[in-house]
Amino acid sequence: MQGQPYHVLVIDDDPNVRDILSNLLKRERCVVRTAESGLSGIAAARAELPDLILLDVMMPDLDGFSVCRMLRDDPLTAEVPIIMITALDDRSSRLEGVKAGADEFLSKPVELSELRLRVRTMQRINRYRRLIEERERAAAQERLLTEQARQAAQAIAEAYDQTLIGWSRALDLRDKETEGHSQRVAQLTLAVAQALNIPPEEQINMWRGAMLHDIGKIGVPDSILHKPGPLTEEEWEIMRCHTTYAYELLSPIAYLRPAIDIPYCHHEKWDGTGYPRGLRGEQIPLAARIFALVDVWDALTNDRPYRKAWSREQAYQYIRDQKGKHFDPNLVDLFLSIAAPDLVKAAERQVAGEDEA
């Protein structure tokens, strides 16, 4: 898989930019094809389907937004990742690019190190997707065979889960502050699911979703993900895209589709103020409602780049305060009894003492 050539199409009307990008991409062992206009770029993409398109915004015949929309409307090129390269730095232009279907943005003049990171990120995503798709096809064939083949399919399923564990560890290692986060939240999610008597097959999908809940952050720039201070509104727009990135990455994979509720919906809130779709109450899948509690608890009680860990008592009180706002009010008490049984008992003793007084 890693030995396959990675094909990149560069669409830019500036020959100097094309040369610079081509030379860098070739150093990354990419096969590069260039086009000097929007129309010729669309033709080149259709003629030889690339793995990635680098697309300039300002071009004389068709601007990059129009090109991006046309590529997305064509079933042949609809799934090709597109990085838009633009001298426009205003929020409205980037939002227009998102609406047109762009996956990433780079500002001119292009930082070569950042471009290298983006290309490698897209290579990894494509490689992961192809790996899972190939294994899925293999599993489908195995299910048609004998019991021995079904046992082999089970072994493949176990290998998938080991792959998921590897992905989650890779994501955690990207940020030392969150190392071990995915494993912790997956185990706590299972504990809550078991307390709710959720069927075992659904618990497996919840575990997989919890392990991959932040998979979409592979598409978020490090400058935003690791920023020590508050994010700007534009940076928040990009950060919120990680749930959509997760959906786009996982939904084409039948094996992982039942696990998608957590990666896609874990930032929805009970009162409807969450994202990406603003779901409210029981519109939010149960798995995502459970995981919202687990994720916030773990985030609050562990260090983050922008703050130190809260005490368990502070986190306990925050969870209770957000009952019926952020969190499903029917789940809060059960969750706290599992995550912080000592604090629940202390609170009960305090109430009992006040009643006696």
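Predicted model: local features only at pLDDT ≥ 70, side-chain atom pairs only at ≥ 80, totals over all residues.
**View 1. The protein chain as a whole.** The protein chain holds 15 helices and five strands, where helices (H or I, at least four residues) and strands (E, at least two) are DSSP runs, numbered from the N terminus. Of its 357 residues, 49% count as buried; buried means under 20% relative accessible area, exposed over 50%, and partly exposed in between, for a 1.4 Å probe and protein chains only. Among contacts in the chain with a separation of 6 or more, residues 24 or more positions apart account for 61%, contact meaning heavy atoms within 4.5 Å.

View 2. Five strands form an open sheet in the order S2-S1-S3-S4-S5, with parallel pairing, two strands being paired if DSSP finds at least two bridges between them. Strand S2 (30-35) and strand S5 (104-107) are the edge strands, each pairing on one side only. On average, and with direction ignored, neighbouring strands of this sheet are turned by 20 degrees against each other; axes are lines fitted to C-alpha atoms, for helices over the stretch in contact, and angles run from 0 to 180 degrees between N-to-C directions. Helix H1 (residues 15-27) lies across strand S1 (6-11), S2, S3 and S4, and runs at about 165 degrees to S2.

**View 3. Met84 in the pairing of S3 with S4.** Strand S3 (residues 52-56) and strand S4 (residues 82-86) pair in the parallel sense over four bridges, and Leu55 stands opposite Met84 in S4. Met84 is buried, its relative accessible area being 0%. Apart from its neighbours within four places in sequence, Met84 is in contact with Leu55, Val57, Gly64, Phe65, Gly97, Ala102, Glu104, Phe105 and Leu106. Between the C-alpha atoms of Met84 and Val98, which are 14 residues apart along the chain, the separation is 9.7 Å.

View 4. Once its neighbours within four places in sequence are left aside, the contacts of Asp51 are Pro5, Tyr6, His7, Val80, Pro81, Asn126 and Arg130.

**View 5. Helices H7 and H12.** The axes of helix H7 (residues 181-195) and helix H12 (residues 286-300) come within 9 Å and cross at roughly 135 degrees. The two helices are therefore oblique to each other, given that angles under 35 degrees count as roughly parallel, over 145 as roughly antiparallel, 65 to 115 as roughly perpendicular and the rest as oblique. The crossing of H7 and H12 is right-handed; a crossing is left-handed if the near helix is turned anticlockwise from the far one by less than a right angle, and right-handed if clockwise. From H7, His181, Arg184, Val185, Leu188, Thr189 and Val192 meet Ile290, Phe291, Val294, Asp295, Trp297 and Asp298 in H12. By class, this contact has seven nonpolar, two polar and three charged residues, where Ala, Val, Leu, Ile, Met, Phe, Trp, Tyr, Cys and Pro count as nonpolar, Asp, Glu, Lys and Arg as charged, and the others, Gly among them, as polar.

**View 6. Helices H4 and H10.** Helix H4 (residues 91-100) and helix H10 (residues 233-250) pack with their axes 10 Å apart, at an angle of about 15 degrees, and are therefore roughly parallel to each other. H4 passes H10 in a left-handed crossing. Arg91, Arg94 and Leu95 of H4 and Glu233, Glu234 and Glu237 of H10 make the contact, which by class has one nonpolar, no polar and five charged residues.

View 7. Most residues other than glycine have a negative phi, and most peptide bonds are trans. Arg29 has a positive phi near 65 degrees and, at 76% relative accessibility, counts as exposed. Asn197, in the loop between H7 and helix H8 (200-211), has a positive phi of about 60 degrees although it is not a glycine, and is exposed with a relative accessible area of 68%. Tyr275 and Pro276 are joined by a cis peptide bond with omega of about 15 degrees, and Pro276 is placed in the loop between helix H11 (261-265) and H12.

Notes: Residues numbered from 1 in each chain as written. Heavy atoms only, no water.
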